[in-house]
Amino acid sequence: MKAWIIERLDGIEKARLTEVADPVPAAGEVVLRLTCAALNPADRYLAEGQYPAKPPLPHILGRDGSGTVVSSGAGVQDHLPGQKRAILRGGMGVSRWGTFAELVAVPAESLIEIPSGWTEEQAASASLVYVTAFQALTQWEDLPAQSVVLVTGASGGVGVASTQLGVAMGYTVIGLSRGSEKHAALRSLGAALLLDPADAQWHKTLGEFLGKRKVNLAIDNVGGPLFNQLIATLGNRGRISVVGRLAGEVPRFNTAAPFFRRLRIGGVAVGAYNQESRHAWKSSLDLLNKTAARPLIDLVARIRSIVYSAG
Ligand SMILES: NC(=O)c1ccc[n+]([C@@H]2O[C@H](COP(=O)([O-])OP(=O)(O)OC[C@H]3O[C@@H](n4cnc5c(N)ncnc54)[C@H](OP(=O)(O)O)[C@@H]3O)[C@@H](O)[C@H]2O)c1
């Protein structure tokens, strides 16, 4: 098969398209002929050696994908050749070969059906970001029903998923997104207010919008200097779900900030979900169906006969 392989952990741009042996399904596994694969920041981090996992090389990246079942190993009954499936989660692209290839072997318990009415592109782009967003929104047992949820990097995969799920849960969702060209799309998803973190007045605008209310939960995909500004928006016993750090380290973090208001900082780790990921996926689909929301696909790149989608 053709596959994009990395031979060193020296950057995703060094991946090259080449021929490798076709995967053979072990007992309990299914081989999918991929239609679409989604590119996540974690693929880039892994290729740069900035990820806990250090797979044997050469390695094929790609955690998310959808395609058609072509074969299966002993003991697989629910996935028949010709049926369409997508990947929920597992070691694909991390500890074993992933989806930036024509074929991928996947444990049967890691597969999901393509949700009714969804395209294969939508299914390929969805599982990692929705399951992450679900964890970020639900890991706090005491989040009030009418909460204000502030989402950074709102236009990204996790940001869009957090916005859609948060709106469906009945929260007031406020998005932080650089520039204003993406604000209209986020507003159409139900975000109550969009702010540009580069606007020095964003904090003031937020305060005017909220009046006496404060942010109950911030979902942070970005980190960096913005993190301290997020802390300042939280009310008593406010929470931050820490998802990503695209803007790097948090400078000059003052531990006084959390203790005066009893703030809580909670890490999100989608990889830590095992059994819970199926519940998170099912719950996410129920929420999306409630508001007729679907994954947003920004860009689809067709590479020879392989289709790669980024959501
Ligand atoms: N903890 C977990 O289990 C888990 C799971 C999934 C993802 N993640 C992490 O979560 C983060 C977001 O993932 P994603 O899939 O949503 O990524 P994405 O689709 O690339 O989107 C990230 C968004 O963040 C903003 N952004 C990007 N670079 C930035 C920078 N340097 N400074 C400020 N804002 C920046 C952009 O939004 P605007 O242009 O609108 O500002 C971008 O659309 C990544 O770090 C990823 O590795 C973690």
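In helix 2 (120-138), the residues Val129, Tyr130, Thr132, Ala133, Phe134, Ala136 and Leu137 meet Gly157, Val158, Ala161, Ser162, Leu165 and Gly166 of helix 3 (157-168), where two residues are in contact if their C-beta atoms, placed from the backbone, lie within 7 Å. The residues of this contact of helix 2 with helix 3 divide into nine nonpolar, four polar and no charged; Ala, Val, Leu, Ile, Met, Phe, Trp, Tyr, Cys and Pro count as nonpolar, Asp, Glu, Lys and Arg as charged, and the others, Gly among them, as polar. Helices (H or I, at least four residues) and strands (E, at least two) are DSSP runs, numbered from the N terminus.

This is a predicted model, in which local features need pLDDT of at least 70 and side-chain atom pairs count only at pLDDT 80 or more, while totals for chains, interfaces and linings use all residues. Residues are numbered from 1 along each chain as its sequence is written.

Two packed helices are described by the angle between their axes and the distance between the axes. Axes here are lines fitted to C-alpha atoms, for helices over the stretch in contact, and angles run from 0 to 180 degrees between N-to-C directions. Helix 2 and helix 3 pack at about 55°, with their axes 8 Å apart, which makes helix 2 oblique to helix 3; angles under 35 degrees count as roughly parallel, over 145 as roughly antiparallel, 65 to 115 as roughly perpendicular and the rest as oblique.

Helix 8 (residues 275-290) packs with helix 3 at an angle of about 70°, the axes being 9 Å apart, and helix 3 is therefore roughly perpendicular to helix 8. Gln164, Leu165 and Ala168 of helix 3 and Ser284, Leu287, Leu288 and Lys290 of helix 8 make this contact, which by class has four nonpolar, two polar and one charged residues. The axes of helix 2 and helix 8 come within 9 Å and cross at roughly 95°, so these two helices are also roughly perpendicular to each other. Here Ser127, Tyr130, Val131, Phe134 and Gln135 in helix 2 meet Ser277, Ala280, Trp281, Ser283 and Ser284 in helix 8, a contact with five nonpolar, five polar and no charged residues.

The protein chain is divided into domain 1 (2-126 + 295-310) and domain 2 (140-267), with bounds that come from an automatic or database domain assignment. The C-alpha centres of domain 1 and domain 2 lie 31 Å apart. Both domains give residues to the shell around the ligand, so the ligand lies between them. This shell holds 26 residues, of which the closest are Gly153, Ser155, Gly156, Ser177 and Gly244; a residue is near a molecule if its C-beta atom, placed from the backbone, lies within 6 Å of it. Helix 1 (41-47), helix 2 and helix 3 each supply at least two residues of the shell, whose residues divide into 13 nonpolar, 10 polar and three charged.

Two backbone details complete the picture. The peptide bond from Leu57 to Pro58 is cis, with omega near 0°, and Pro58 lies in the loop between helix 1 and strand 4 (64-72). Arg237, in strand 12 (residues 234-242), has a phi near 60°, a positive value in a residue other than glycine.
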